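Hi,

Here is the structure I promised to pass on.

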Amino acid sequence: MNSVDIMVKISQDIIEMGKTLGMLKFEFVKTYDGNSHIQEFLPNDMTKHFPINDSHLKKLHGFARNNPIYHDIRKYDISEIPCTIYEGDINSYWLGSIKHGSSCQPFYPTWIISAYIVSLCAKNLGCECMVDVGSGDGRIAYCGDVIGLKSYSIEIDEALVELQSDIAKSTQAGFECMCADATSSKFSTECNDMVFFIGGLPQMGGDILADSVIRNAVECNTSDTDMIFVLAGTYSMRGMSGDVKNGGWNDIIKKHSLEIIDEILLPTVWTFDQKVDTPYIFAKVP
C-alpha cells in the first residue's frame, strides 16, 4: 500500500455509528441502576443504528461472555434498542498491570463495541495488519481478527496475556498475543500496511509508550511500509495538566511529524460518567 492508497478520511457511515453509540451511552448513563465497577452494553441484533454484520455481533458477545472480568449479564433496552449489559470488575487486573516498571497506564479497557468500531476505521483506511500495543484483555486485537485483519497484541502483564490466551482459545479467535515490553520491542514489517493501536492516555504515561513504539516501528521499517498510529486521548483534564490539543497528543504528533488522518469519539471505561468520550486520533508517518 502506498501513501496515496490510504483513504483520506474515515467513512461517514462509521463516524455516524460512533455518534449513535455516544448518544446511546448518554441514555444508558441516565437510566443505569447498577453499581458495578465497570459496565457496558452491546446491541442484541443488527439495526439501522448499528449495521453490524450478524456474525460479527455474535463474536462480540462471545468475547464478553468468555471474559471473566464480567460477572453479570442482563437484558436492557436503551432508546428502544434491545441490548445486553455486561457488568464486571477489573480491580485484580488493574493492580497487576501497574506492577511493571515500564507499564505506562493501568488496565482500563475501551468498550467492546468501541474496539470494534476503531478496528473498522483502520480497515476502512486501507490497513490489513494490526498491532495492539498495551492490549489489556486483547479486545481491539480480537475485533481486528473478527473483521479480517491480521492481528497481534503486545501486553507486558503476564496475567492479562493469560487472560487473552484463554479468551482466544474459548472463542477460537485467530489473533496472536505476546507478553513483551513494547517500549523495547522491534516490530516486523511483513505486512505492506500496518496500524498500531497504542494504549495509554498521554497525560498518564502513554506518551512514553507511544514515543518508543513510533520510533522503533519507523526504525524497523526497511520496506517503506505505510504505518498508521491510533492514539487514545482525552479532552477532559479532570485533575490532569497539559495541552489537550489533539487529545493531548500534540507534542508526540509534532515530534514524529505525524499527519493526522481523522478522529472518532467513542466510549471507554474511563469516560462512562463524562460528557465527552475518548478521542481516537488516527495519524500516519508521512
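Predicted model: local features only at pLDDT ≥ 70, side-chain atom pairs only at ≥ 80, totals over all residues.

Below is what turned up, going from aromatic pairs to salt bridges and then to a few surface spots.

**Aromatic pairs**

Searching the whole structure gives 11 aromatic pairs. Take F28 and W111: their ring centres are 6.4 Å apart and the planes sit at 70°, so this one is edge-to-face (the cut-off is over 60). The two come from distant parts of the chain, 83 residues apart, with F28 in helix α1 (residues 12–31) and W111 in the loop between α3 (91–97) and α4 (112–124).

F63 belongs to helix α2 (residues 54–65) and Y142 to helix α5 (residues 139–146), so the contact ties together parts that are 79 residues apart in sequence. Both of these residues are buried.

**Salt bridges**

The salt-bridge count comes to 10.

- E16 and K19 meet through their side chains at 3.7 Å, N to O. Both are in helix α1, 3 residues apart, which is about one turn of the helix. E16 is partly exposed at 35% relative accessible area, and K19 is partly exposed at 47%.
- R74 bridges to E87, with the closest N and O atoms 3.1 Å apart. This pair links strand β2 (residues 70–78), where R74 sits, to strand β3 (residues 81–88), where E87 sits, 13 residues apart. R74 counts as partly exposed at 23% relative accessibility, whereas E87 is buried at 3%.
- D211 and K255 have their side chains in a salt bridge at 3.1 Å, N to O. D211 is in helix α7 (residues 206–220) and K255 in helix α8 (residues 250–255), 44 residues apart. D211 is buried, with a relative accessible area of 14%, while K255 counts as exposed at 56%.

What links up with R74 and E87 in a network of salt bridges? That would be D33, a residue in the loop between α1 and β1 (38–43). D33 is exposed, with a relative accessible area of 60%. Leaving aside residues up to four places away in sequence, D33 touches R74 and Y76, and its side chain makes a polar contact with the side chain of R74 at 3.2 Å.

**Surface spots**

Y235, L265 and V276 make up a nonpolar patch on the surface, with about 230 Å² of accessible area together. Of these, L265 lies in strand β9 (residues 259–266) and counts as partly exposed at 39% relative accessibility.

Lastly, G148 is in the loop between α5 and β5 (150–155) and counts as exposed at 56% relative accessibility. G148 and E128 are 20 residues apart in sequence, and their C-alpha atoms are 7.9 Å apart in space.

Cheers

Conventions
Residues numbered from 1 in each chain as written. Heavy atoms only, no water. Phe/Tyr/Trp six-rings, centres within 6.5 Å; stacked < 30°, edge-to-face > 60°. Helix = DSSP H or I, 4+ residues; strand = E, 2+ residues; numbered from the N terminus. Buried < 20%, exposed > 50% of the residue type's maximum accessible area, 1.4 Å probe, protein only. Patch = residues over 30% accessible without salt bridge, like charges linked within 9 Å, V, L, I, M, F, W, Y side chains within 5 Å. Areas by Shrake-Rupley, 256 points an atom, 1.4 Å probe, with all protein chains shown as cover. Salt bridge = Lys/Arg side-chain N within 4 Å of Asp/Glu carboxyl O. Contact = heavy atoms within 4.5 Å. Polar contact = N/O pair within 3.5 Å; in protein donor to acceptor, adjacent residues only side chain to side chain.
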